[in-house]
Amino acid sequence: MKVLIMFSGGLDSTYMLWHYLTKTYYAVHTHHVSIQNRELNFKKEYESTEKIYAYCKNNFREFKTSESKFIFDFPYPGWDSDIICLVASRLCPNIRAEKVVMGWVKDDLSRPVVIDRMKRKVTSNLWESLANSCDFPIPPTVDYPLIGKTKQEIINELPKELMDLTWSCRKGGLRPCGKCHSCKTREGL
């Protein structure tokens with residue numbers, strides 16, 4: 001089976017990459033969607049992604065990678081996950097992925113905006129529409145294999161040297177800002 005991991009270079013996607021490389025025999029393909037907008041995190045995200053890929057290939061096994069870039073000259077392009085779904089739906093037939101995974105964790109379910117989107121089934125409805133618009137079959141759903149795990153559990157399980165390569169700050173500075181949602185979550189652990 002070939003799994004497509006939508007990869008950001010953050011804790012969750014890095015954990016999924018580590019898991020699929022070390023705990024399964026799946027063929028792994030990661031795809032990094034670089035969303036360049038007012039959040040300047042794409043610079044550090046790109047650096048982290050390259051370091052994580054090198055570490056995993058040197059310490060675990062080979063896998064394929066690819067990347068898309070979206071540059072938005074306006075302040076709010078929408079939810080990252082919506083853009084990521086669009087890219088994944090178009091990538092699946094090209095790489096023949098049989099499974100698509102994204103890194104949402106239990107902690108994400110405490111955010112009111114995420115709860116609202118889940119109740120309205122925004123992502124699943126979007127994926128279904130994208131699947132219906134494809135000329136080739138794609139996996140019927142997007143899987144969230146970490147939804148039962150907390151960030152703390154991920155940190156406890158992930159090798160420290162790999163975890164230290166991840167980047168989560170939404171502001172994109174040289175150091176974590178300590179103010180964005182991602183930094184607050186990570187600092188609270």
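Predicted model: local features only at pLDDT ≥ 70, side-chain atom pairs only at ≥ 80, totals over all residues.
Residues are numbered from 1 along each chain as its sequence is written, and side-chain values use heavy atoms, with hydrogens and water left out.

The protein contains 8 helices and 5 strands, where helices (H or I, at least four residues) and strands (E, at least two) are DSSP runs numbered from the N terminus. Along the sequence these elements follow the pattern β-α-β-α-β-α-β-α-α-β-α-α-α. Of the 189 residues in the protein, 46% are buried; here buried denotes under 20% relative accessible area, exposed over 50%, and partly exposed the range in between, computed with a 1.4 Å probe on protein chains only. Contacts are defined by heavy atoms within 4.5 Å, and among those between residues at least 6 apart in sequence, 75% join residues at least 24 apart.

The strands form an open sheet of 5 strands in the order E3-E2-E1-E4-E5, with parallel pairing, two strands being taken as paired if DSSP finds at least two bridges between them. The edges are formed by strand E3 (64-71) and strand E5 (142-143), each of which pairs on one side only. Strand E1 (residues 2-7) and strand E2 (residues 27-36) run parallel and are joined by 6 bridges, with valine 3 standing opposite valine 28 in E2. Helix H1 (residues 11-23) packs on the sheet, where it touches E1, E2 and E4, and its direction makes about 160° with that of E1. Helix H3 likewise packs on the sheet, touching E1, E2, E3 and E4, and its direction makes about 140° with that of E2. For these angles, axes are lines fitted to C-alpha atoms, for helices over the stretch in contact, and values run from 0 to 180 degrees between N-to-C directions. Strand E2 is mostly covered, with 9 of its 10 residues buried.

Threonine 14, in helix H1, counts as buried because its relative accessibility is 0%; leaving aside neighbours within four places in sequence, threonine 14 is in contact with Phe7, Gly9, Ile52, Leu158, Leu162 and Thr166. Tyrosine 55 lies in helix H2 (residues 41-59) and is also buried, with a relative accessible area of 16%. Tyrosine 55 and leucine 162 are 107 residues apart in sequence, and their C-alpha atoms are 7.3 Å apart in space. Serine 81 belongs to helix H3 and is buried at a relative accessible area of 6%; residues up to four places away in sequence not being counted, serine 81 touches Met102, Trp104, Arg117 and Thr123.

Two loop residues show positive phi values. Arginine 96, although not a glycine, has a positive phi of about 60°; this residue is placed in the loop between helix H3 (80-95) and strand E4 (99-101) and is exposed, with a relative accessible area of 65%. Lysine 121, also not a glycine, has a positive phi of about 55° and is found in the loop between helix H4 (112-119) and helix H5 (122-133).

Lysine 121 also belongs to the lining of the second largest pocket, where 14 residues are counted and Lys121, Thr123, Ser124, Val142 and Tyr144 lie nearest the centre. On a 1 Å grid over the protein atoms alone, a pocket is an open set of points with protein on both sides within 12 Å along at least five of seven lines, in contrast to a cavity, where a 1.4 Å probe fits but cannot get out, and lining residues have an atom within 4 Å of a point. The volume of this pocket is about 260 Å³, a volume being the space filled by probe spheres set on the points, which are joined across faces, edges and corners. Helices H4 and H5 each supply at least two residues of the lining, and H5 gives the most, with 5 residues. By class, the lining comprises 8 nonpolar, 3 polar and 3 charged residues, where Ala, Val, Leu, Ile, Met, Phe, Trp, Tyr, Cys and Pro count as nonpolar, Asp, Glu, Lys and Arg as charged, and the others, Gly among them, as polar.
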